[in-house]
Amino acid sequence: MTRTLATARRVLQQLSHDRRSIALIVVLPSLLMTLFKYVFDGSPAVFGRVGPQMLGIFPFTIMFLVTSVTMVRERTSGTLERLLTTPLRRGELILGYGLAFGVAALVQALASSATAIWVLGLDVNTPWAVELFAVVDAVLGTALGLLMSAFAVTEFQAVQFMPLIVIPQLLLCGLFAARASMPTVLERTSDVLPLSYAADAFTTLGRTSGFGSHLAKDLAILAGCCVAALAGASLTLRRRTP
Amino acid sequence: MTDPFAIEIEELVVVRGKNVVIPDLSVRVPRGCVTGLLGPSGCGKTTLIRAIAGIQRLRSGRVHVLGEPAGTPSTRERVGYMTQNSSVYPDLTVRQNLHYFATLAGTGEGAARAALANVGLQDKADALTAELSGGQRTRVSLAAALLIDPELLLLDEPTVGLDPVLRRDLWQLFGALAADGTTLLVSSHVMEEAGRCDRVLLMREGRLIADCSPDELRRRTGQTDLEQAFLTLAEGSAA
């Protein structure tokens with residue numbers, strides 16, 4: 001536990017020396033939300049319907065990128081090699097990362113949803129539930145980023161995993177077309193992609209108020225995906241390498 | 001301490017891709033002294049050190065460290081490893097780097113301060129590691145390996161790119177650590193550094209061509225200069 005917390009602290013300290021990255025993490029999603037609102041200035045219903053979705057998608061994408069690149073950098077700089085010769089366990093390293101970027105994700109989700117709800121006037125019935133799902137989406141992005149970084153040898157490859165992992169999920173999650181209207185193969189595929197459940201949750205949050213069993217189910221599935229991806233990430237981290 | 005050897009390697013074979021990096025190597029490194037691992041770049045020094053650190057995938061063979069298989073949780077607490085590239089975080093200050101590695105090793109702030117003093121970097125404690133010179137970064141990396149107060153210290157080319165004064169200071173530090181009972185395995189491709197070791201392992205193309213004291217090396221080859229001694233042995237082993 002001490003080593004997990006020390007790792008999370010170290011990752012946040014690294015981030016704290018990089019002011020521009022902090023600004024990007026905190027401000028970028030809010031800026032994009034603002035842009036989104038005024039692009040659909042003529043049809044505010046679109047912002048009302050898709051806006052909440054964006055609150056989940058931006059942190060998911062950004063955290064995926066940030067985490068996978070950071071982890072690949074750890075690998076290429078030789079610090080991972082050193083860490084693996086210390087008493088630090090692989091699970092502790094992965095959890096430390098998850099925790100640090102979870103904190104960053106929390107700040108990001110708070111900033112972007114506060115901007116959307118109170119500055120841009122996005123109408124949601126249960127703001128805290130929107131925040132909750134935004135944070136869970138961001139943590140999911142972090143967890144998938146950690147998992148995928150195992151397959152990237154260079155930062156260049158890690159960046160290109162973003163379109164590979166994120167864009168198909170975006171297309172299939174029900175944001176652009178209802179999942180039920182897709183060919184069966186695609187609909188079944190979307191059933192096993194975590195972002196589908198995030199999109200489903202934000203759709204529900206846009207329509208209803210309160211926190212029903214439907215949302216609880218989405219939340220449980222997303223949390224399960226986070227745990228599975230983190231477990232996978234610590235298993236794919238090899239102590240002995242060729 | 002029943003076992004007089006810190007490192008015992010039997011019939012080690014390491015293959016990386018299609019290259020046989022270490023074809024068949026057996027060696028025993030005694031405790032409490034400075035053993036130099038010398039040989040030209042690409043001869044397999046780093047691979048051998050990685051095998052001892054427990055992070056190298058082996059084809060076959062046995063690597064025992066401090067009486068246990070290399071890389072077990074208990075040996076990881078007792079072995080310090082400094083990689084060839086200064087593997088510390090450039091975007092942390094020197095102090096933050098050492099604090100993190102000290103926490104992982106379960107040693108305190110005092111150990112971090114002592115390690116910093118050992119490498120002569122007290123005045124740079126709050127500098128960002130990225131802003132240090134290459135030699136200073138190497139010393140931060142060395143300090144990170146020192147601060148766990150290890151029984152076995154594996155140093156991969158720790159003196160590369162350092163000025164002669166600092167190099168001398170570090171070799172004095174290595175000697176002092178060995179006098180306190182630490183076992184050191186120090187790699188270098190500079191033959192004259194062999195003279196500063198208690199024992200020398202000479203490597204060439206993945207094989208050991210000598211395992212003896214520097215004096216014995218001079219005697220056996222009839223050369224006073226260690227560089228010449230290496231050449232004599234290398235040509236002898238090739239023939």
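The legends below describe close-up views of a predicted model.

Residues are numbered from 1 along each chain as its sequence is written, and chains are lettered from A and ligands numbered from 1 in the order in which they are written. Because the model is predicted, local features need pLDDT of at least 70 and side-chain atom pairs count only at pLDDT 80 or more, while totals for chains, interfaces and linings use all residues; side-chain values use heavy atoms, with hydrogens and water left out.

**View 1. The six-stranded open sheet of chain B.** In chain B, six strands form an open sheet in the order β6-β7-β8-β3-β9-β10, with mixed pairing; strands (E, at least two residues) and helices (H or I, at least four) are DSSP runs numbered from the N terminus, and two strands pair if DSSP finds at least two bridges between them. The edges are taken by β6 (79-82) and β10 (207-212) of chain B, each of which has a single partner strand, so one side of each is left without a neighbour in the sheet. Neighbouring strands of this sheet are turned by 15° against each other on average, direction ignored. Strand β3 (residues 34-38) of chain B runs parallel to strand β9 (residues 199-204) of chain B, and four bridges join them; B:Gly36 stands opposite B:Val200 in β9(B).

View 2. Contact here means heavy atoms within 4.5 Å, and axes are lines fitted to C-alpha atoms, for helices over the stretch in contact, with angles running from 0 to 180 degrees between N-to-C directions. Helix α7 (residues 214-221) of chain B lies across β9 and β10 of chain B and runs at about 110° to β10(B). Within helix α7 of chain B, B:Asp215 and B:Arg218 lie three residues apart, about one turn of the helix, and they form a salt bridge with the closest N and O atoms 2.9 Å apart; a salt bridge is a side-chain nitrogen of Lys or Arg within 4 Å of a carboxyl oxygen of Asp or Glu.

View 3. Strands β1 (residues 5-16) and β2 (residues 19-30) of chain B pair over eight bridges, and they form a hairpin with two residues between them, where B:Gly17 in the turn has a positive phi of about 65°. B:Arg16 has B:Asn19 in β2(B) as its bridge partner. Five bridges join β1(B) to strand β4 (residues 60-65) of chain B, with B:Ile9 opposite B:Val63 in β4(B).

**View 4. Salt bridges in chain B.** The side chains of B:Glu151 and B:Arg78 meet in a salt bridge (2.9 Å, N to O). This pair links distant parts of the chain, 73 residues apart, with B:Glu151 in the loop between α5 and β7 of chain B and B:Arg78 in the loop between α2 (73-76) and β6 of chain B. Both residues belong to a network of salt bridges that also includes B:Arg31 and B:Glu68. A further salt bridge joins B:Arg199 and B:Asp211 (3.3 Å, N to O); B:Arg199 lies in strand β9 and B:Asp211 in strand β10 of chain B, so the pair ties together parts that are 12 residues apart in sequence.

**View 5. Two glutamates with positive phi.** Most residues other than glycine have a negative phi. B:Glu157, however, has a positive phi of about 50°, and B:Glu205 also has a positive phi of about 50°.
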